[in-house]
Amino acid sequence: GLAGSAGADPSEDAELSINGEPPLITRAPAPAHLEGALPELISGWLYRDEATRAMEMDDFDNPAMVFVDQGLDSWAAVEGSAGKSCAACHGDIESLKGVRATTPKLNAAGALWSVEDFINDCRTNRMGAEAWGWSSDPMLNMTAAISVQSRGLPVAVEIDGPAAPYYEQGKDMYYTRYGQLELSCANCHEQNNGNMIRADHLSQGHTAGFPTYRLKNAGLVSIHNRFKGCIRDTRAETFNEGSDEFRALELYVAARGMGLAVEGVAVRP
Amino acid sequence: AWAETAPGAVQYDEYGAIAASLTGAPGDPGVGAKVMSSRAEGNCVACHQVSALDADFQGNVGPSLDGAADRWSEAELRGLVADAKHTFEGTVMPSFYKTGPYIRPGDAYTGKAAKGELPPILTATQVEDVVAFLMTLKE
């Protein structure tokens with residue numbers, strides 16, 4: 001209890017009801033594979049101040065929704081040498097319900113892919129269009145539009161069998177103390193969630209709200225971009241967006257949040 | 001002039017304290033206060049609350065440092081600032097006077113790889129300045 005952190009603990013009673021719909025799951029029992037690392041899962045939304053929380057409770061106030069609309073436009077737009085749109089094959093974007101909640105996951109060839117990889121695979125191999133950059137506007141818009149289709153579904157990634165080595169790789173990374181400050185993800189998000197690090201209120205660092213709208217950037221931020229920022233802040237050499245390392249970390253961090261609802265699209269400071 | 005003790009030559013006792021000054025000269029508490037508040041230098045207030053410092057957004061990842069000089073001797077405080085991992089095994093508190101080894105050391109906050117061996121985050125003089133300031137924190 002010190003000045004500045006008053007009310008900084010995660011809210012005890014706030015409910016994430018969007019557009020008056022039944023509330024999303026923002027607290028969940030910690031999954032068994034976490035082996036007690038967290039007592040309970042708490043969405044980053046509950047760590048935010050009331051004004052920021054409110055922006056996510058109404059799609060008219062959520063600044064991410066204009067980008068979702070742009071994503072929907074490009075869903076219907078014909079592009080590339082095959083003369084096809086996403087809709088030409090997939091129909092309504094609702095057909096991608098569940099994808100955000102279950103990704104990253106293995107592709108048909110057994111490699112771990114993020115949503116961005118599946119999109120670029122369709123663009124390059126099925127549409128004859130150019131790949132989108134990982135954090136390019138059209139990619140962020142499309143991943144946001146796809147995440148909305150899974151709003152409310154609990155994160156449920158596969159971590160066993162052929163996914164297990166990726167999970168283990170991500171877990172190793174999560175506990176590695178990177179950089180000159182020698183800080184791991186766990187140092188901040190497991191040991192110190194609820195505490196203030198300078199002006200920032202540390203959450204458990206879940207990905208269920210991604211891509212998120214960050215007020216600081218006035219735009220959408222991908223999961224890998226967030227990871228990059230967090231590692232950079234330890235005075236470390238980061239990994240690249242779209243790197244195998246970040247895919248593995250993405251799987252592990254998603255697995256830490258299994259049971260929390262996909263927020264589609266979160267608003268964060 | 002005194003020779004500074006290089007990071008690799010610092011003698012920690014079994015509790016993590018450093019008896020000898022790193023510079024041989026007394027530190028300047030006023031400069032120490034600035035080092036502790038500045039984001040680019042110690043940024044101690046990122047994790048600690050210090051009532052005597054006029055710095056905004058003081059964090060609480062670590063304990064309040066008010067009264068630190070009542071709890072710790074000068075040698076112990078020097079050890080804590082230089083490398084708190086000798087005092088608190090596995091602590092999240094960064095080591096301010098060492099040069100590695102680090103995993104994926106970066107070039108400050110650029111996210112790029114460090115160019116060669118990194119200097120310690122604080123100089124020997126800055127460590128002594130911070131220790132001098134901490135010694136003023138009595139209740």
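**Briefing: chains A and B and the contact between them**

Between chain B and chain A the count is four salt bridges, a salt bridge being a side-chain nitrogen of Lys or Arg within 4 Å of a carboxyl oxygen of Asp or Glu. This is a predicted model, in which local features need pLDDT of at least 70 and side-chain atom pairs count only at pLDDT 80 or more, while totals for chains, interfaces and linings use all residues. Residues are numbered from 1 along each chain as its sequence is written, chains are lettered from A in the order in which they are written, and side-chain values use heavy atoms, with hydrogens and water left out.

**The interface**

- The contact (heavy atoms within 4.5 Å) takes 39 residues from chain B and 26 residues from chain A.
- The area buried between the two chains is about 2,700 Å², with carbon and sulfur atoms giving 52% of it; buried area is the accessible area (1.4 Å probe) that two parts lose on being put together, summed over both.
- Of the area that chain B buries against chain A, 27% is supplied by Asn60(B), Arg104(B) and Tyr109(B), more than by any other three residues.
- In one salt bridge, the side chains of Lys85(B) and Glu182(A) meet at 3.2 Å, N to O.

**The nonpolar cores**

- The largest nonpolar core has 37 residues, and those with the most contacts inside it are Met36(B) and Leu134(B); such a core is a set of buried Ala, Val, Leu, Ile, Met, Phe, Trp, Tyr and Cys residues joined through side-chain atoms within 4.5 Å.
- Not counting residues up to four places away in sequence, Met36(B) touches residues including Val50(B), Leu53(B), Phe133(B) and Leu134(B).
- Apart from this core lies another, of 33 residues, among them Leu34(A), Ala101(A), Ala163(A) and Val262(A).

**Glu56(A)**

- Glu56(A) counts as buried because its relative accessibility is 1%, buried meaning under 20% relative accessible area (1.4 Å probe, protein chains only), exposed over 50%, and partly exposed in between.
- The side chain of Glu56(A) makes a polar contact with the side chain of Arg268(A) at 3.2 Å.
- Leaving aside neighbours within four places in sequence, Glu56(A) is in contact with residues including Leu16(A), Trp45(A), Asn62(A) and Val267(A).

Methods. Polar contact = N/O pair within 3.5 Å; in protein donor to acceptor, adjacent residues only side chain to side chain.
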